[in-house]
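Please look over the sequence and the model shown here before reading the report.

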Amino acid sequence: MNDDLARTRFLFLNLIRLGALALVLFGVTIAAGKLGWPEWIGLVLALAGVAEFFFLPWMLAKRWKSTDQ
């Protein structure tokens, strides 16, 4: 694998994690009642962000590893 592809994938994985962190924080803000939305929406968003943070980069790395071989 060349360096540009590795650098692009690394950046993409980190952007996914950053977006997931923003989703978690947005969900926690909603769940805390700061925006006036129903609490369950905030909990769902926060859980989706946690799942995205941990599992999406892992699944992408696994897929990329299998296609590179």
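The report below covers the basis of the model, its overall shape, its surface and one residue.

## Basis of the model

This is a predicted model, in which local features need pLDDT of at least 70 and side-chain atom pairs count only at pLDDT 80 or more, while totals for chains, interfaces and linings use all residues. Residues are numbered from 1 along each chain as its sequence is written, and side-chain values use heavy atoms, with hydrogens and water left out.

## Fold and shape

The protein chain has two helices and zero strands; helices are DSSP runs of H or I with at least four residues, strands are runs of E with at least two, and both are numbered from the N terminus. Its radius of gyration is 16 Å, well over the 11 Å that the globule rule gives for 69 residues, so the chain is more spread out than a compact globule. The radius is taken over C-alpha atoms, and the rule is 2.2 Å times the number of residues to the power 0.38.

Along the principal axes, the C-alpha atoms fill a box of roughly 50 × 20 × 10 Å.

## Burial and surface

Of the 69 residues in the protein chain, 19% are buried. Buried means under 20% relative accessible area, exposed means over 50%, and partly exposed lies in between (1.4 Å probe, protein chains only).

The protein chain exposes about 5300 Å², and carbon and sulfur atoms supply 70% of that area. Accessible areas come from the Shrake-Rupley method with a 1.4 Å probe; for residues, only the protein chains shown count as cover.

## Residue K62

K62 is located in helix α2, which covers residues 39-68. K62 counts as exposed because its relative accessibility is 53%. Between K62 and A51 there is a separation of eleven residues in sequence and 16 Å in space, C-alpha to C-alpha.
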